[in-house]
Amino acid sequence: MRVTLSRKKVAVIGGGITGLTAAYYMQRLANEHNLPLDIILIESTLRLGGKIHTLRKDGFIIERGPESFLDYSNDVRNLARDLGIEDQLVRNNDGKTYVAVGNGLYPIPTNFILGGPLGVSTFLTSGLISISGKLRAAGDLVLPKSDSADEPIGDFFRRRFGKEVVENLVEPLLAGTFAGDIDHLSIQAMFPHFHELEKRHRSLILGMGKSDSSFGRKIDSYQTFQNGLETLIETIESKLETKNVFKGVKVEKIEKEQEQLKITLNNISPIKCDAVILTTPFNTVKEIVSDVNLLNELPNMKYATIATVTMAFKQDQKQMDKKDAMTFYVSRNSDYAITTCTWCNHKWNNVVPEGYDLFRAYIGRVGDEAIVELSDTAIEKTVLDDLRKSIGLTGTPEFTVVSRWKESMPQYEVGHETRMETLKNKLHEQYPNISLVGSSYEGISIPDCVAQGRKAAEEMLENIFKNQVQPN
């Protein structure tokens, strides 16, 4: 095979994990196949990594954003292997998961959160659900399936398990994970495996116990890196050619200029390139590719605003209940402002120096964003009060780290997949050399974003060089 000498340039816009993965794999593949390609990465802030941000402080490892991931398809592990850091992956310890309802904490099966089978006995033995609620939940075994193509998550689970299970189990797990409103979020976009289970097996309980269901994947733990999630970001950044990474540079507009794309920037001269991988949030895309009519017709996407609050305590300062707890989620039917809390040094062996405990809580959700606007002192007091009431925490923290994430978690509302498919098809018609990927589109988890970035890189290289690679 021979490659023509026409050199190409691709711009990756957005330096979060999706953009970094795309840039890394394009550079890697171009080097492996000797392709004449220049790659530039443009990030509007002064650091790469997006919501992945690790603070290392006096022996503590504090995650300001996400703190771990479930890697069902080994997307992150494969990336780590390619980067040479697979040996730095660590798995969480065993521990119990609880839900706070009213003034009590009730255990729930961790395997349910991880995607394991859910037996009828789970409901029968749990104090989380009343007798009438358990009887209603067992109705899933006999109820017919629905032919609905998509529906709100709340409607889906109320139909299968009843109101009480939704209020005391489903909603707390989702609020603590995605900060979303279950009466607007799409079951098809957020939990397609549940949607598919009903289609294939009718009963979710029966379907989740089938070996051929999507829950048959063996995932028994969360994962992170020995020195924090930002290890992944730092390693990718170290592999990229530094002269082609632009930080603190904002993209203002993308427009066609003959066969190329012209990228207008806020503080440096415009850049011309042959293709763009666009990983920015949907609402930002609407601003910078404003001449695509469909973008203007679609409403802005909603994003949840949250804060993570991490507190360190000396172990000799407190007496606590639930010493076996690893994580607890919070029902709206409780008197707490936080949505979830993780006892970090129960979950991980690598996050604190000896003699300390580390707690990490989420605060804020759709419909309760104002609490995130409070001062650090007010947020610390609110979280501390909740931890004292919920697990009997005493004493005062050695330090507290508050990290606000405004409009950071995209909300996939009903019809999301159809809207995104229509959007991408329309964008491709007007801009066939722009690829749209990232957490706003096909999954918000770290593995989802890594998978999107790698796929975009491979497809982009194939598209821009397909006419330049010919037989000898």
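User: Left-handed or right-handed: how does α1 pass α2?
Analyst: A crossing is called left-handed if the near helix is turned anticlockwise from the far one by less than a right angle, and right-handed if it's turned clockwise. The names come from DSSP runs numbered from the N terminus, with helices being H or I runs of at least four residues and strands being E runs of at least two. Going by that, α1 passes α2 in a crossing that is left-handed.

User: What kind of model is this, and which values leave out hydrogens and water?
Analyst: This is a predicted model, where local features need pLDDT of at least 70 and side-chain atom pairs count only at pLDDT 80 or more, while totals for chains, interfaces and linings use all residues. Residues are numbered from 1 along each chain as its sequence is written, and heavy atoms are used, with hydrogens and water left out, for side-chain values.

User: Are α1 and α2 roughly parallel, roughly perpendicular or oblique?
Analyst: Axes here are lines fitted to C-alpha atoms, for helices over the stretch in contact, and angles run from 0 to 180 degrees between N-to-C directions. The axes of α1 and α2 come within 12 Å and cross at roughly 50 degrees. Angles under 35 degrees count as roughly parallel, over 145 as roughly antiparallel, 65 to 115 as roughly perpendicular and the rest as oblique. That makes α1, relative to α2, oblique.

User: How many nonpolar residues are in the contact of α1 with α2?
Analyst: Contact means heavy atoms within 4.5 Å, and here α1 brings T21, Y24, Y25 and R28, while α2 brings N78, L79, D82 and L83. Ala, Val, Leu, Ile, Met, Phe, Trp, Tyr, Cys and Pro count as nonpolar, Asp, Glu, Lys and Arg as charged, and the others, Gly among them, as polar. Sorted that way, the contact has 2 charged residues, 2 polar ones and a nonpolar count of 4.

User: Staying with α1, is I17 buried or exposed?
Analyst: I17 sits in helix α1, which covers residues 17–32. Beyond its neighbours within four places in sequence, I17 is in contact with G49, I52, L232, I233, I236, C449 and V450. Under 20% relative accessible area means buried, over 50% exposed and in between partly exposed, using a 1.4 Å probe and protein chains only. I17 has 8% relative accessibility, so it counts as buried.

User: How far apart in space are R7 and F359, C-alpha to C-alpha?
Analyst: R7 is in the loop between β1 (2–3) and β2 (8–13), and at 48% relative accessibility it counts as partly exposed. Leaving aside neighbours within four places in sequence, R7 is in contact with P36, L37, D38 and D274. F359 is 352 residues from R7 in sequence, and the C-alpha distance in space is 51 Å.

User: Which residues of α9 make its contact with α6?
Analyst: The axes of α6 (residues 153–161) and α9 (residues 192–201) come within 12 Å and cross at roughly 40 degrees. That makes α6 oblique to α9, and the crossing is left-handed. From α6 come F156, F157, R159 and R160, and from α9 come F194, H195 and E198.

User: What is the phi of N74, roughly?
Analyst: Most residues other than glycine have a negative phi. N74 lies in the loop between β5 and α2, and at 35% relative accessibility it counts as partly exposed. N74 is not a glycine, yet its phi is positive, at about 60 degrees.

User: Which helix holds R136, and which residues does R136 contact?
Analyst: R136 is partly exposed, with a relative accessible area of 32%. The helix is α5, residues 131–138. Leaving aside neighbours within four places in sequence, its contacts are L143, R158, R159, R160, F161 and G162.
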